[in-house]
Amino acid sequence: MNLNLAICDDDTNDIAIMKKNILQYTIESDNNIVVSSYFSASDLLSDYKNHLYQIVLLDIEMPDINGMELARQLRDMDDDLLIVFTTSYPEYMHESFEFQPFQFITKPVDYTAIYKLFNNIIKKLYRNSKSIVIIDTDGEKNFVPLNDLLYISSMKENKLHLRYQLTDRALISKGTLSKAEKRLSSHGFVSPSRGFLVNLHLIRSINSTRLLLNNGFELPISRRRSKELQNIYSQHIINIL
């Protein structure tokens, strides 16, 4: 599994210990965990929008902006962020509940705590798989939220592979469009024309020949599918109004 996380702590030694334990977990569990380090809350806040962090490990006792206030601002930006507090002061635990933390870890953070933490994180992501599609790219599992998946297309140069177009990148994976349609049709994915499967929730507008996605991409609509797709889209709009 690919995980992107940030550690924010003003103690360089504590960060080094956590990174060492996370690296050990990465090796032993065969996951890919990318770690970024920040030594102040202001540094993390200023850089946060440049990254897609799934997890943050926050020290509570920090100068300038403490971990509680940092959690408040991060939660305002991202409802799905997994916030983990790390502190030498367990009396903060009750106060931290306001920010919906995923877990509270007492320092020093040893390998056992990291092992339990990431096992729980991975279990949670698997439980949330109803809103996530798992895309396998050469044996590497990518957990992609469905609302980040714009469309899927077959590849003329390789009929055994599909292109998954996300909001920020594209992934190539083995598979057929018919199997993808069976798996995703219940989540609002429809075929506008031969070779494409589009996320109905991410269509901005539609006419008889083309549809426009939220990011500005255009996809063709076949003559055979035109009327049916417009009816499906119209019903979709009515349902969300």
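Biologist: What relative accessible area does Asp 10 have?

Modeller: Asp 10 has a relative accessible area of 36%, so the residue is partly exposed. Buried means under 20% relative accessible area, exposed means over 50%, and partly exposed lies in between, with a 1.4 Å probe and protein chains only. This is a predicted model: local features need pLDDT of at least 70 and side-chain atom pairs pLDDT 80 or more, while totals for chains, interfaces and linings use all residues. Residues are numbered from 1 along each chain as its sequence is written, and side-chain values use heavy atoms, leaving out hydrogens and water.

Biologist: Where does Asp 10 lie?

Modeller: Asp 10 is in the loop between strand S1 (2-8) and helix H1 (12-29). Helices (H or I, at least four residues) and strands (E, at least two) are DSSP runs, numbered from the N terminus.

Biologist: Which residues gather with Asp 10 in a patch, and what is its charge?

Modeller: Asp 10 gathers with Asp 11, Glu 61 and Glu 91 in a surface patch of negative charge. Patch residues have over 30% relative accessible area and no salt bridge; like charges are joined within 9 Å, and nonpolar side chains (Val, Leu, Ile, Met, Phe, Trp, Tyr) within 5 Å.

Biologist: Turning to salt bridges, how many does the count come to?

Modeller: The count comes to eight salt bridges, where a side-chain nitrogen of Lys or Arg must be within 4 Å of a carboxyl oxygen of Asp or Glu. One of them pairs Lys 107 with Asp 59, with the closest N and O atoms 3.3 Å apart.

Biologist: Which parts does that pair tie together?

Modeller: Lys 107 lies in the loop between strand S5 (103-106) and helix H5 (111-127), and Asp 59 in strand S3 (residues 55-59), so the pair ties together parts that are 48 residues apart in sequence.

Biologist: And are those two buried or exposed?

Modeller: Lys 107 is buried, at a relative accessible area of 13%. Asp 59 is also buried, at 5%.

Biologist: What about Arg 72; with which residue does it form a salt bridge?

Modeller: Arg 72 forms a salt bridge with Glu 69, the closest N and O atoms being 3.2 Å apart. Both residues are in helix H3 (residues 67-77), three residues apart, about one turn of the helix. Arg 72 is partly exposed at 35% relative accessible area, and Glu 69 is partly exposed at 31%.

Biologist: What is the partner of Lys 141?

Modeller: Lys 141 forms a salt bridge with Asp 136, and their closest N and O atoms are 3.6 Å apart. Lys 141 counts as partly exposed at 36% relative accessibility, as does Asp 136 at 31%.

Biologist: A change of topic: where is Lys 20, and how far in space from Tyr 111?

Modeller: Lys 20 is in helix H1 and is exposed, at 62% relative accessibility. Lys 20 and Tyr 111 are 8.7 Å apart, C-alpha to C-alpha, although 91 residues apart in sequence.

Biologist: And where is the place of Lys 159?

Modeller: Lys 159 belongs to strand S9 (residues 158-166) and counts as exposed at 72% relative accessibility. Its C-alpha atom is separated by 9.6 Å from that of Leu 177, 18 residues apart along the chain.

Biologist: Finally, which domains does the assignment give?

Modeller: The assignment gives domain 1 (2-129) and domain 2 (132-240), with bounds from an automatic or database domain assignment. The C-alpha centres of domain 1 and domain 2 lie 34 Å apart.

Note on methods: Areas by Shrake-Rupley, 256 points an atom, 1.4 Å probe, with all protein chains shown as cover. Lys, Arg positive; Asp, Glu negative; His and termini not counted. Charge placed at Lys NZ, Arg CZ, Asp CG, Glu CD.
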